[in-house]
Amino acid sequence: MSDQQEQHGLLAVFDEPEALERAVERLRGRGFTALDAFTPFPVEGLAEKLGYRRSRVPLLVLIGGIVGFASVFWLEAWSVLVNYPINVGGRPLFSWPAFIIPAFEGGILGGSLCGLFGMLALNRLPKLYHPVFNAPSFSLARDDRFALLVMSHDPLYDRTKLRRLFRDLGARAIEEVAP
Amino acid sequence: MASDIRADGEAAGLIEGRPSYGDLSREIAGVSLGTRRPRFFWLGFAFFFLLALLFLFSVTWLLAIGIGTLGLNIPLAWGVPITNTVWWIGIGHAGTLISAILLLLRQKWRNSINRFAEAMTLFAASIAGLFPILHLGRPWFAYWLLPLPVTHMPWPQWRSPLTWDFFAIATYLTVSLVFWYMGLIPDLATFRDRAKSRGQQIVYGVLALGWRGSVFHWARYEEAYYLVAALATPLVVSVHSVISLDFTVAITPGYHSTIFPPYFVAGALYSGFAMVLTIAVPLRSAFRLENVITEKHLDNGAKVMLASGAIVAYAYVNEAFYAWYSGDEVHRYAMWARAFGPYAPTFWVMIAANIGSLVPLSFGAVRRRPWVLFAIALVINLGMWLERYIIVVSSLARDYLPSTWDTTTPTWTDYGLIFGSIGLFFALMFLLVRLLPLITIYEVAELAHEEEAEAAP
Amino acid sequence: MPQVFGPRANGLLLFILVGLVFAGGVAAVVGIVVLRSDWNRATFFAVAQPVPFSHAHHVGELGLDCRYCHTGVETSASAGLPATEVCMTCHSQLFTDQKMLEPVRESFASGIPIVWNRVNDVPDYVYFNHAVHVNHGVPCEACHGRVDEMPLTWRQKPLTMEWCLSCHRDPAPNLRPLNAVFAMNWSPKGDPRQQGEALINLMHIDPKNLTDCYVCHR
Amino acid sequence: MSATDDAGPNRRDVLKLMGASLALAGLTACHPARQIVPYVRQPEDVIPGRKSYYATTLAIDGFGFGVLAESHEGRPTKIEGNPHHPASLGAADAILQASVLGLYDPNRAQTPTRDGVPAGYDAFLAEVATLRGSLAKDWGRSLAVLIGPETSPTLASQLAALRAQFPEMQLYRHAPLATPEADAASQAVFGRASSPLYHFDRAKVILSLDGDFLGEGGGKLAYARQFADARRVTGTSSSMSRLYAFASTPTLTSAKADHSRRLRASAMGTVLTAIADRLDGRPTNSDPMESKLLDAIAIDLRQAGPNALVIAGSRLDTATQAAAHRLNARLGAVGHTIDLLPPLGIASDAPDLHALADAIGAGKVDALLILGHDPVFTAPGDVDLAAAVKRVGFSAYWGPYADGTANACRWHIPAAHALEGWSDALGFDGTPSIVQPLIEPLHGGRTMHDVLVAFLGELDKNGRDLVRARWSTLDDQSWAQALKSGVIDAPKPTFLMPSVTATNATPTSPSSAPSLELNLVPDLYFRDGAFAPNTWLAELPRPLSRMVWGNAVEMSPATAKRLMVDTGDVVEITIGSRSIELPVAIEPNQADDTLTVPLGYGRLAGGAPVVGTSAYGLRKQNAAWQLPVTGVRKTGARQKPITIHGNFDTEGRDIIRTAALADFAKDPAVLARNKQPEPAPDDRLFPAWDNPEEAWGMVIDTGSCIGCMACVSACQAENNSPVVGPEQVALGREMHWLRVDRYETGDADAPQTHFQPVPCMQCENAPCEEVCPVNATVHTHDGLNAQVYNRCVGTRYCSQNCPYKVRRFNWLQYQDFSEDSPLSALMNPNVTVRERGVMEKCTYCVQRISAARIDAQDGNRPIRDGEVVTACQQTCPTHAITFGNLNDPRSAVRRAKAEPHNYVLLAELNTRPRTSYLADIRNSNGDADG
């Protein structure tokens, strides 16, 4: 328990993504839950191994798209039907085929903006300060650093046991992460 | 297609000499962060910067004197500015295609060129967006195209293709920016951790938004990235289609043709990939990135050019055929005048450049010879500009009432705008190379990892 | 050792981002409001004149009819300003020693007209016709306000396109019977809208045609 | 266009200023805080904001045309024809329309000068007073007065009074466009000089040999009306007069002919001989052309008898004109289709410029007064007037511009514009009318009467007194009536009833015709050069050559080929010892071996631009019009003549519809034969907008249109259209809202010329509106295609999408927005002055529609048919334009649209234009073409 105050968790750094994966499988097998892994590039399937569920990003994008399309189309319809009806080239006031194009662009815009900001929000980013940066050997500078973090609030968290375990798994560095 | 690339990935790999982890990012980041900076870099930058100044001067002159300084009249009320818009937008499209569509198609070979292709999109689209505003009679009222709740005006006229353009280009710019920035975040993090000076650390740090490469983040990140790519794909098709509607919706003979949307999109890819190669070939040799931007990349790029170029050629034939098949004497004459009228020389140069280039491109040997490709790419860039010029101008020169027929020629202001915008574009590219990773580090790394994995067993 | 920022950086950045978004929103709203504000349209500011002419005195107290000075209002596009001689019809007898009226006497003697500053003005490309308005029951008050309460004249209404359109789209509530057009502080017996509708039918006004661009712009 | 409220710049202008400062220049039109200036004493007849009309008279070549001048708060802004005046009949031509610009022309001389130095008018008066003293001694023997072609009765009486004071004074007359041949011919045939008066309302068959009665002379407007009325096609049953024309160089008349042939001027006589032979049944010896046509003409003429009319151009040689007179006499036309008036010009028999030069040379002249017309410029090559004038002790010139004559004379007295002073003039038929001022002289100019007053020593008399005195026979009421109606009710000159002498003398056709002959012709608009400084006229396309801002030597393609020159080659034309250099222009309808050069160009007039090259220098005494060419040399220089819409080929498209009357009467469908199918009225993708109120529409009769361009000039005056200058026009940026296209149909050798005025078609499915992104061009409830200048951002997409290309764009700042702009007073206050970067176009004169609607609404009544008259319609001499409400079943335009030969331009596009055309029906003679 006292660990939680003085440290954020224990970090192990591997050279190979495969080594990291093996470590993850082992710890999950042992029943660890408060895990996080850090890789310089996406490693397929690792997230699922860490218990990742499908996110709500697609839903956000869908909503954004619908809202974008609807609002532009509404503006078009309202402006020509209600606000200032004008006979333009003898065309009908409600020329919906023409209105679709700006509305479509609005939909795309809304969708992709929600994509970016939704992703950041769900990732709780931006987060300039994070304890993991405190680990001296944590770095995205090179693409041969694959880190595994066991957070100290994990019920099974035990510094000494973990160190041994990581050493067995062939970690190049094992560090305690200050909060 | 995906599979076979990976298959011969062995022979002419997408990453050659399979470097160990770490080297790649050092190599790529070195271009920006490192001290490797050849002298010609500065020379080149200076040259294009001067051209950019010419652009600034031409624009100032244009705004001061009025649109009358351009080679325009009635009936030829559109000319070089609109031509430039279409041309630049087209160039931009290649970027989005590479980054979005090839991503969805899992085309691994895109990885090492998509970053600067996206940047290319941003710059090209921004420049393209400038011209419609500059060529307004009263540019200071350009904001009237926005739906603003002010006291003195009705709303935009939603039936006008120009309004559509406005929305399409604005959206395209924003989405390209979003997509580009998303792709940049992990690399910015890499830069943050590589940066030596405190200043660089802070700048890149803030821009990286505290990215720490958490596996969970990666998962959501990739979901979002693919979704935006999925949105950008219909967008890129729609943008150039909308641009083509400027012409298609008009009843002017030579404009009024339903094949324009696909024809314009194909043309966009054609010129866009030409521009990609125009940049990629010097770039790889300048910064010795031959093992990242391999001949395989150039070859694939050339293949796309070959395909889209063939479609363009087909569209030329089609256009002429429809004009004849319509039985409409005015449209027939407009097509005839295009080839044998006042702008015939331009037309034939255009044909030679765009269709002629397909012949060498169809030979693998040529496609794998970088500097030959470079030369062909330049020719195609020219040809595609001329194509837009022919469409915009020659159609107007011979329309319905013979008494109104007229011609016009570009003035020095026109040329200032053309070459100035090119200068601006490349000057920006140089700056980008200086400041940001011009190749997606994490993707290349991922690719390298996969290739190793495959080579392992 | 990649930790670049201190723990407080997170909160700070969040604050900045949220702040920017908020500021943008506020700016937009303020813009829309200010645009329609009297400040932007410079109403309610009395304009300096060579002679401090008081409508409050001439109209409010003496009860002069508008048409006594603005002779063209019923027949012409411009209501017209009184010729100096019109002023002198009274002021050759009244207040002949007033310093304030010196410019008028001077103008009458020298034949050099008095140069007044415009109070109510629309851009050159707006073709406003007084006659057609007053002849169709649009009272002076609708656009000029209670001039009978203006010691010095100021602009009462914004005179923006939006404002003009508001009446061209729905004239009914503003219309009066022709005998009340020049009255100040006049209020109809009964519902103004009903009465307006009646007048619209009576005078064959077609509101849906009043928003055509060329009604005001040529 | 932009304006600021007095509360400082509003947001729009701030943004605009930002745009401008970004452009490193404050180009925009921002007024300072606005001020309003009332009258001190309100004039009786002026209501600020309402226009008023005054009847007055303007003169062209000395002939009076009655006009109504529109005035806003005392500013004349527009000229309309005076319906009461026989020479105008409510119409006005391009020159009259443009003359209002002459009033405000900043290049006019602004102060009297003595030896080129500004001097007071009083000094002039003093000098003249002393001069009178010395003149009185020898009864004015040494005083010479040089007048131009004048008809003013007041001037005549003043000259008479002058002669009374100085019995020995010498009076000279110099009319650059005078045609002594015509007088000689009339002398030869009728025994005395006379000027003909035609009656086209009676003529059934007209034969014109280089006679341009539609384009020239004091009667052109009246003749055009008669001619058009006699040829108007209504329904399928109508009779038309028939016009045969032979032209050495194409004219408006030859363009309207049912059969026209190219023929060099020197061969015209042979045609008359051939026809005379046929009429007399004499065996004809040599036919100048296909005899089938000549047979047909002869038969037609015989059948028509007294209703026939033969017109020989007054510039042809005496023998030919005499032959024409005899032919008329022989057919019994004299007194029926042609009457003879005594010459209207003052002192038309006075000695000419050569005599004056000789007199000066002989030292017989000490004092010289020149009344206008810049004789130094118009003098023939064998008279060096400038040098002669300099030898005279006292010389005074009265004229509007500091021109060559002004520089040669000691005194120059700036002339008042016709709208600035009192005078009078005679119409082509001798109808007198009064010239009354609408405005005080802007630059203190004087009328010629004022100047003569000085010489008469009657300084107490002002212009009004003089004119009133001249017409003292009128009582005050009929005087007031004359001022009001613009016509003086005075007995017309009686027609001469001549006895024809020596009927059967055939013309002696010049045996030795030169291989190449040069025709000098007066420019259609500049005339003798009097209107050369007028920039509206300089930029108005000549109907046939389409040329603006300069003249050229016109020749047929064959001749050009023979001379091995092409359009734009500058050639040196030598006549005897004199030569000029001009660019070549190819004219398909020009007679072979004939060069044509228009006069009136190359005049130096104050600061006005010098347009083209003068050909007066080629003239010699008794050789004014047709000159044998000594040589044509290609200089090697190139200078392309600036033309507007110079493509005459319809490319086989359904633009002009034409048919022979006979065929049309049989089956009106002949017009639409093998044309593209037109969409049915209900053939539309979306429902039509219905409007219960007015639906404005226009019908333009291409059959009646004579291509005189008056409508274009009127449109420019009414709608504040700018002049853009030669460079901009050469780039294709002219700003006329209305253009008159020329097309050629028929066989290549003897094509038919057609004129087609093209204003905005006001399409119901307007393509331009659909593509405007900012709602700057939209539809009004009554079907107008409104253009909102202040909303336009200038994408020019509307013009791109306009199949008729009737939209015009302000490429640069063409209008002068400065407060002290000399032309600001000329502007029509009811039409926005357009700014740089704004699209503009024909609006059906929306300001006139609005005015009519407001009047109607004030009267609480509907707008009457004919209450709205567009500027082009009002000025059209032939009533070729009909305008009105299509929803009114009794309206004239509705009837016109119902005509069987009504058609729509580019109907297949389904733009549903409100403007339609009546086909150009020609009364062709089936037997004439072989």
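Buried area is the accessible area, taken with a 1.4 Å probe, that two parts lose on being put together, summed over both. In this predicted model, chain D and chain B bury about 5,200 Å² between them, and carbon and sulfur atoms account for 57% of that area. On the side of chain D, the greatest losses to chain B fall on Arg653(D), Tyr797(D) and Gln800(D), which together make up 15% of what that side buries. The contact involves 62 residues of chain D and 58 residues of chain B.

Polar interactions also cross this interface. Between chain D and chain B there are 35 residue pairs in polar contact, both residues being at pLDDT 80 or more. The salt bridges number 2; Glu835(D) pairs with Arg138(B) in a salt bridge whose closest N and O atoms are 2.8 Å apart. Among the elements of chain D that each supply at least two residues to the side touching chain B are strand 29 (739–745) and helix 24 (797–800). Helix 1 of chain D gives the most, with 6 residues. That side of chain D comprises 28 nonpolar, 15 polar and 19 charged residues.

Domain 2 and domain 4 of chain D bury about 1,900 Å², 55% of it from carbon and sulfur atoms. Val233(D), Thr236(D) and Lys256(D) supply 28% of the area that domain 2 buries against domain 4, more than any other three residues. Across this domain interface there are 0 salt bridges, while 13 residue pairs, both at pLDDT 80 or more, are in polar contact.

Technical notes: Residues numbered from 1 in each chain as written. Chains lettered and ligands numbered in written order. Predicted model: local features only at pLDDT ≥ 70, side-chain atom pairs only at ≥ 80, totals over all residues. Heavy atoms only, no water. Contact = heavy atoms within 4.5 Å. Salt bridge = Lys/Arg side-chain N within 4 Å of Asp/Glu carboxyl O. Polar contact = N/O pair within 3.5 Å; in protein donor to acceptor, adjacent residues only side chain to side chain. Helix = DSSP H or I, 4+ residues; strand = E, 2+ residues; numbered from the N terminus. Nonpolar A, V, L, I, M, F, W, Y, C, P; charged D, E, K, R; others polar.
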